[in-house]
Amino acid sequence: MLAFVVRRILQSILVMLAVALIAFTLFRFVGDPVNQMVGADTPQAEVEKMREVLGLNDSTLVQFARFIWNALHFDFGISYQFRQSVTALLAERAPATLELALAAAAFALVVGVLMGVYCALRKDGFLAKLFQAVSLVGVSLPTFLIGILLIYLFSVALNWLPSNGRGQVVKVGDWWTTGFLTVSGWKALILPAITLGLFQMTLIMRLVRSEMLEVLRTDYIKFARARGLTTRAIHFGHALKNTLIPVITITGLQLGSIIAFAIITETVFNWPGMGLLFLKAVQNVDIPIMAAYLMLIGFLFVMINLIVDLLYAFVDPRLRAAMQG
Amino acid sequence: MSHPNPEEIKGLTTALTGASAGAAPHLGPPRPRSLIERMKDSDIWLSFKASKLAMVAALVFVLMTFGAIFAPLLATMNPFDPAQIFLADSSLPPAWATGGDPRFFLGTDDQGRDMYSAILYGLRISLIVGGLGVLLAALIGITLGLVAGYVGGRVDALIMRIADVQLTFPAILIALLIDGVFRALVKTGNKEESAMFVLILSIGLSFWVQYARTIRGSTMVEKNKDYVQAARLVGLPVPIIMLRHVLPNVIGPTLVILTINLGLAIITEATLSFLGVGLPPTQPSLGTLISIGQRYLFSGDWWIVAFPGLTLAILVLAVNLLGDWLRDALNPKLR
Amino acid sequence: MSLRKLLLVASTTLALGITMASAKTLRYANQGDLKSLDPYTLNETTTNAHLGHVYEGLTSRGKNLAIGPGLAERWEILDGAKKWRFHLRKGVKFHNGEDFTADDVIFSADRVRAQGSNFQTRVPKGAKFNKIDSHTLEVELESPNPILIAQWDTWYIVSKKWAEANGSAAPTPAAATTPSHIALNANGTGPFRIESHQAGVRTVFKPHAGWWGKPEHNLTEIIFTPIPNDATRVAALLAGDVDVIEPVPVQDIARVNGSDKARVLAGPELRTIFLGFDQTRDELLESNVKGKNPFKDVRVRQAFNMAIDKETIKSRVMRGLSTPSALMIAPELFAFSAAYQSPKFDPDGAKKLLADAGYPNGFEVGMDCPNDRYVNDGQICQAAVGMLARIGVKVNLNAQPKAQYFAKVLKSGGYKTSFYLLGWTPGTFDSHNVLHDIHGCRADGSPRGESNLGGYCNKEVDALTDKILVEGDSAKRNQMIKQAFDITTKEFAYVPLHQQALAWGISRDVTLTQRADNSVLLYWATKK
C-alpha cells in the first residue's frame, strides 16, 4: 500500500518535471521578450545588456535549472509587462478564476444533473427532446460566439446584466477577493459562468441520462420495484444515488479543464482572472507569466488525478487487494 | 458500478466525450473481421435505418462534404485568390435584402469576398483540418494505446504518464505552443501554408489521449483472451498479433470518439482563429470567417458572422448526432 | 422600530443619496494596459496619457497641441538656442505634500537620461542643468537646439526626495528583475493622484486637492479598466458599464452613434499609415526573384504607388474615417502638404511600369503586417494584397499580432522584412523627426534611420535633415523640408496610405475634448 502511494507520488513529481520542461523549453521559442520591453528607438547595446541581465544569453540547461530551483521557492520571477512578482500577480488573479470556475462547475453540475435525470425519466417527452436538442446546439457552437451572443442579448439589447468584469468585489482576508458578497458581483458572474459551464453541463446531462437509463435497467432496480418501493424512492433514492458518484468524480476531474478553458471566457467577458493574464502574456511574450501559468495548471491536474487515484485505492477493495497481493 | 476503479473512472472521462470504454469487450466475437462487415450484418444498420434523426444527420453531413469537395465547381469565385476579390464590393448584404447584389447571394465580407463561395471553401478547410487532425490523433492514440496495453510494464507506465502530461494542456494551449515553436523555427516561412499544418498538428497532439486510454483498456482485456494466447503460442510476431488480431477487436469505440472529436476539432479550429493562431484571413476557414464576422456583429453586418456560424453549427450538430447515434448503436446495453 | 431609529435610518439614507448624487465617477476603458507607473519605463501614447493625469512636465500641450506652460511658468531662449532659462511655478505640491523645486527637475533630468529609461532622447546627453535659485534653472546645450522642449510635455517630473526615499532613484528599466516601488506607486504634481492600482485590471484615480491649477473637470473619481477585446469594449459602452472607450472600431461607429446612451468623438489623427519596401538587400528575403532586389528599381516602387487605390481603402476599409495621404506626415504638421498629390490610381500604367522594369508577369513577395496595432491594419493589408494581385504581384501576407510583428521587422529583430505596413506619428510633431527616423540612411551606432525598416537612403536628404534641425527661421526651414520631401516622393521611398482617424466612444452624459495625438485626457472631461 505504502509502496503504491510512494510510487504514485513519485510519478506525479516526474510528470510535474516534464510539464516544467515543456513549459520552459517551448516558451523559450515563442519570441524574444526583449523586443516587447523596449521602444523602437532603444540602442542595440542596451538591448544586449537587457538580454544579459535577464539571463537570456545563458545555455538552455542553465536557464532550466534556474527555473526549477526558483519554482520550488514559488519564485517565477518578475513579469516583463507589469514589473511585479508573477506569484503575486497570479495570486491576485486566482480568486477571480477560481470563483468563476466554481460557479461554472456548480451550474454545470446542478443544471446538468437535473436535465439529465429528467431526460432519462421522461425519455420520449417533449421537454426531454428539447433539452437534448438545446444541449446539442450548445456543444455545436464555439464558446466565444456563445459569449458574444449572450452579451449582445442580455447586456446590450435587454440591459439586464453587465457585459464585462467582476462587478463590486469585497476583500476577504489578506489575499482573497470575492464577488459573492455583492449584488453586482453575482450579476457579473451569471453570463461568464453560463458560457464557461455550458459545455460541461451538456456533457454531464448526457452522462447522467445514459447512466440513469443503464441503472434503471439493472436487476437491482428491478428488485427494488418488486419490493414495492415507490417510483420516486427508486428514481432518486437508488438510481440517482448510483449515478451521482461517477458524475461528481468527473466534475472534479473536469475542474482543471474548466480553469484552463476559462481563457476564452475571460477574454470575451474581460474577466480579470488568470486566463486573461495568460492570454495577454502570450500576446506580449511575457515568459515568466506563461511558464508559471502552465506550471499551475499542470499542478492542478496532477493533484486532482493523484487525489482521485489515491482515494479510489483506499476505497476500492479489489484494488487494495491487488496492491497487497 | 458502485465502486468504480480508476480505470473505470478514466473510461468515464472518455465517456464524457462520447465513447464508452466499458462497451469494448462486448464488441463482436473475438474473431478478426472487418469493421464494415460487422456493421453490415449487425443490427447497427437496422438501427440506422430506424433512426430518422441519424439519417437526416448523415444526409446533411454527406451534402456538406460533397459541397466541400466540389467547392471549386460550386462556388462563384475563388475566395482565396486576391485578384478575384474587389474591395469595392465589400460588406454587401445578402441578395434578398435591401442593397443586396444578385451576384452575391449570401452577401460579401469586409474584403468583398462572396460569402457563399467563402463558406464552401471554408467548409473545405475546416473539414480537412478537423478530419486530418482527428485522424492524426487517432493514429497516435491507437498506436500508443495498443503498445501500452499489450506490452504493459514500464512502457505502459511511461505512455500513460505522457498522457497525463498531455492532458495538462488543453488543445488551445498546445496550439499556442506549437504555433510559437513553428514561428521560431520557420522565421520567414509562408504563414498561409504552415497554418494548416500547425492546426492539424495541434489537434492531433491534443486529442490522442482518449484513443490511447480506450484502446489500452480494451487491449488489456483482449490480450488475455484465448485467441491472442493461441496466436502467441503459434509464434506469430508481436506486431502482427497486435495489428491483425487485437486491433480489429478493440477499434470499434474509437469510431465514436473519432466522430465526436471531429465536431470538437472543428470548434477548436474556430476558437484558435478567434485567439489569433488559426488560419489567416486570406485563406479563411469557417472559424476564421466567424471571428472576422463577430467584429461586425454590432455594426449590423450580421450576414458575415451568421452564415458561417450557422454552417458551422449545422455541421457540428450533424457530426454530433451521428456520433450520438453511433455510440448508442454500439452500446449493447442500451439496445 | 422607534421613531428615533427610523429618523436615523432616513437621514442616513438621505445623506447617502446626496453623496451618491454628487459623486461623479468616470469609468474609462482602453484597448491597452497601464503596465508600469514609472513615467520613464515605456514611451507609448496611451501610457503617457494615463500618467499625464498624475505627473506633469515643465511644459504642457493644450487641447490643440500647442505648447504651453506647465511646471515651468515661462522660459527664455538665450545664446542662439544653446542656453535655455526656465522659471518654475511656485507653490506646486506633490501628492504627498512636498514642495516642487528646481532640485526635482535636475534630479528628473538625470533620471530620464539614466540607463534603463525609455525616454533618454527627451533630454540631450550633454545638456547641463544649472540651478540658479529654488525656482529658476538654466540648461546649457552642446549645440543649438530650437526644438529642445518639443517633447517635454511627456517628460514627467518626479519628486527627488520621494524617489530616493523609496529606492527608486534609478528609472525602472523595461527589463526589471526586481519589483520597484515607483512602478506600482505614483507621486506627481498632476490634477489626479492614484488611489489604487492593480496592473492590468483596474486603476483608480482621485482628484488631487492641492493641485496648483483650476480643474476643468467635475469628476470625483476615474476608474480605468483595460478591455482588449473590441466587441466586449463596445458592448460595455453600449450597456452603460463604462463612460469612455478608446478606440471604437470604425465599423461600430454607426452603431454607437445610433444608441441613446453613447456617441463617437471622431477626428483626424496625426499618425500616417504607409507601406515600406526593403531597398537594402541585394536579394529580398521573401521573394521568387533571385539574384536581384526588385524594390531597388524606382519603377517598381512607382508601380506599387499607382496600384494602391487609397480612396477605396478609405471608403470601404476605413468607412470614410481616414484622410488619404500623399506625404509621410500629416497635413496638420507641415505647411506645404497641400502641394503634394498621390500618383493617380492606374493599375494598367502600373503593369506597364513593371514590364519596363523587367517583370511583365509580376513577381512574388512576402508582406509583414500587424493585425492589432493600427485601425483595421490587417484589413488594409488584405486590401493591398488584392490590389497588387491585379498588377500581377503575388503578395504572401503574414498578418500577425504586434508582439511578433515588431520582433521580426524592427532593428532588434534584424529588419527581417521585404514589404511591410507601419504607422508613424512624429514624437516631436515635426517633419525633422519623420526625415531623420524613417528616411535617414541607416548606419551602425547612429540613431539615424533606426525606424527606416526598408533602409531607404539618400545622402542629400540626410544633409537637408541636419540643416533643418538647427534652422531657426521657420520659412527657411519649411522650404528645406519641402526640398527633402520633393526628393523622397520623387523616389517613391514609401507608399503613404492615409492618416487614420481617432474614434473615442463616450457616454451621452460626458463631454470631453479630443486631442489629435490620441491622448485621452480626462481632466478635460465633465459628467452630468
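Guide: The model is a predicted one, and the part to look at is helix α6 of chain A, residues 126-140. Within α6(A), the residues A:Phe131, A:Ser135, A:Val139 and A:Ser140 are buried. An α-helix has 3.6 residues a turn, so residues three or four places apart point the same way. The cover over the buried residues of α6(A) comes from two chains: it includes α5 (86-121) and α8 (183-217) of chain A, together with α12 (252-275) and α14 (303-330) of chain B.

Chain B also touches chain C, where 25 residues of chain B are in contact with 28 residues of chain C; the chain B side of that contact has 10 nonpolar, nine polar and six charged residues.

Chain C itself is divided into domain 1 (3-243 + 509-527) and domain 2 (268-501), whose centres, taken over C-alpha atoms, are separated by 34 Å. Between these domains, 10 residues of domain 1 of chain C are in contact with 11 residues of domain 2 of chain C, and the domain 1 side has seven nonpolar, two polar and one charged residues.

Finally, C:Asp356 lies in helix α10 (residues 347-356) of chain C, and C:Asp356 is partly exposed because 13 other C-beta atoms lie within 10 Å.

Notes: Residues numbered from 1 in each chain as written. Chains lettered and ligands numbered in written order. Predicted model: local features only at pLDDT ≥ 70, side-chain atom pairs only at ≥ 80, totals over all residues. Domains from an automatic or database assignment. Contact = placed C-beta atoms within 7 Å. Nonpolar A, V, L, I, M, F, W, Y, C, P; charged D, E, K, R; others polar. Helix = DSSP H or I, 4+ residues; strand = E, 2+ residues; numbered from the N terminus. Expected span 1.5 Å × (residues − 1). Buried ≥ 20, exposed ≤ 12 C-beta atoms within 10 Å, placed from the backbone.
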